[in-house]
Amino acid sequence: MTKNMISKNVILRFSPEVVGEPIVYLLVKEFDLVPNIIKASVNPDKQGYILLSLTGEEENYKASLKRLEELGISVQCLMERIKWHEEICTQCGACTAVCPSLALSIRRPEMAIRFDSDKCVACQMCIQACPVNAVTLDL
Amino acid sequence: MKSYEEINEKIRAGRAVVVTAEEVIAIAKDIGVKEAARKIDVVTTGTFGIMCSSGAFLNFWHTKPKMKMQRVWLDDVPAYGGIAAVDCYLGATELPSYDPCNSHYPGSFRHGGGHVIEDLIAGKEIKLRAEAYGTDCYPLRSYEQNITLKDVREAFIFSPRNCYQNYNVATNCGAETVYTYMGVLKPHMGNIHYSSAGQLSPLLNDPYYRSIGIGTHIFLGGGEGFVAWPGTQHAPFDPRNERGIPLGGAGTLAVIGDMKQMDARFIRGVSLTGYGVSLMVGIGIPIPILDEDMLYYTTVEDADIQAPLCDYGKEGYPTGEPCVIGSLNYAELKSGEVDFQGKKIRTAPLSSYTKAVEIAETLKQWIVSGRFQLGQPSQLLPGGGSPDRKED
């Protein structure tokens, strides 16, 4: 049976009570996920967040989210926060060649831009590339 | 052979046959160039892309008491006031003084001259601020007022260089990402960007400027405008292919048009990460089918148009040394991926083809409905005329 492998960028936000939990270890050990930390911060009140990509089997990924929530960690899937505003877009295409996952692409032959949020890995390259700020990250 | 007057007569009578530069390709394949030239009166073109060297002249009514505005700001973006008392010129790439620019590299350049032009056209309120030293006839030294385009006495776009005939295609051979006016270019030829409407682009459909000259009536930013002059850097004698298509930038146009007629869907302020601000401009130019040659030129296809692939990496374009590393045609570029030096590289446009189509279609409707007639150029552009024209 082929396993459905996925890669998602997520933000984990945690309170002082769980800041001591070895979260990344747990994701590897219990769920066989490959985490790659992109950004992390813990403030003096010991509240913090980790922005990381998680690669692994879809089933395991889903189970890990449940486990994290049980621990009181809020999980935000970043892809769902990337918004393409069609009404602002000029349909130029400047975002398409820098998009690593082809979430933003051109429908040919009419050369119209489309956004497939399921493919988005929230790398935010499109935000830098778009000349009219038609892509935003709404946290 | 048809004359401008005959074509305009047909337009006025609602009998003109008008097609877009995309539609004419299939028509000529179907019925032949000769028959198509007989049937078709006008071919409409269109382009919508980032065009630096754009800007607007504005005249504010005189203030009470009167003022000779020496320094002018529109939403904190400086405009050039050294023209007369209440005239100014707002350039598309101008930035407000508070912008950190590239001190936080790469800068995001959220607001500038191009955005103010878009906001004015969209009918938004902007803040006019002016300072002066005061004279006997113009005593007022400071002025501040929120205004909209309606409050401005005259406003027209007058851009020294728009509508490049063809343009560089950009990649980055260097080892680090570069942030350019051709967009974000990833290292080691990670992507390729181009900026032309190709087969729909105005000057590629009249490569020898037989009909596009000073006084040509055009679609500019959603309103009507004119070709005012050859654009700066107009280089008509650059090398061409066997169809007369220039292999690099070549021709440019200075264009003029009333801002009060314009539509913000066809003129947009842009932020180019790490580079600055600019303006996306929509231009459509009608090509009169005066004879078979004119029709032939309008049948140009993407595969017939080559553009130079340039290295915009740190060792290339910025140095001022030659940086052309290859040649690609627009059919390859539009496909989304090219094979170059054994490497598959993804391509992306910076100009909007769907908007270019919309502009060519809109201009077609204007002409078909009789509201827009052709303007015969009062003078051709330098290098304009026939393929055997000579450089002075």
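1. Start with Gln91(A): in this predicted model, its side chain reaches the backbone nitrogen of Ile113(A) at 2.8 Å. If you want to find the residue by eye, look in the loop of chain A that runs between β5 (82–84) and β6 (104–107).

2. Is Gln91(A) buried or exposed? Buried: the relative accessible area is 13%, and the cut-off for that label is under 20%. Leaving aside residues up to four places away in sequence, Gln91(A) touches Trp84(A), Met111(A), Ala112(A) and Ile113(A) in chain A, plus Ser352(B), Tyr353(B) and Thr354(B) in chain B.

3. Those chain B neighbours lead on to the interface. Here 24 residues of chain A are in contact with 30 residues of chain B. Together the two chains bury about 2000 Å², with 54% of that on carbon and sulfur atoms.

4. What does the side of chain A that touches chain B consist of? Helix α3 (residues 125–129) of chain A gives the largest share, three residues. By residue class, that side divides into 16 nonpolar, six polar and two charged.

5. Last, the layout of chain A. The domain assignment gives domain 1 (5–72) and domain 2 (80–137). Going by C-alpha atoms, the centres of these two domains of chain A are 27 Å apart.

Key. Residues are numbered from 1 along each chain as its sequence is written. Chains are lettered from A and ligands numbered from 1 in the order in which they are written. This is a predicted model: local features need pLDDT of at least 70, side-chain atom pairs count only at pLDDT 80 or more; totals for chains, interfaces and linings use all residues. Side-chain values use heavy atoms; hydrogens and water are left out. Domain bounds come from an automatic or database domain assignment. Contact means heavy atoms within 4.5 Å. Buried area is the accessible area (1.4 Å probe) that two parts lose on being put together, summed over both. Helices (H or I, at least four residues) and strands (E, at least two) are DSSP runs, numbered from the N terminus. Ala, Val, Leu, Ile, Met, Phe, Trp, Tyr, Cys and Pro count as nonpolar, Asp, Glu, Lys and Arg as charged, and the others, Gly among them, as polar. Buried means under 20% relative accessible area, exposed over 50%, partly exposed in between (1.4 Å probe, protein chains only). A polar contact is a pair of N or O atoms within 3.5 Å; within protein, one must be able to donate a hydrogen and the other to accept it, and residues adjacent in sequence count only if both atoms are side-chain atoms.
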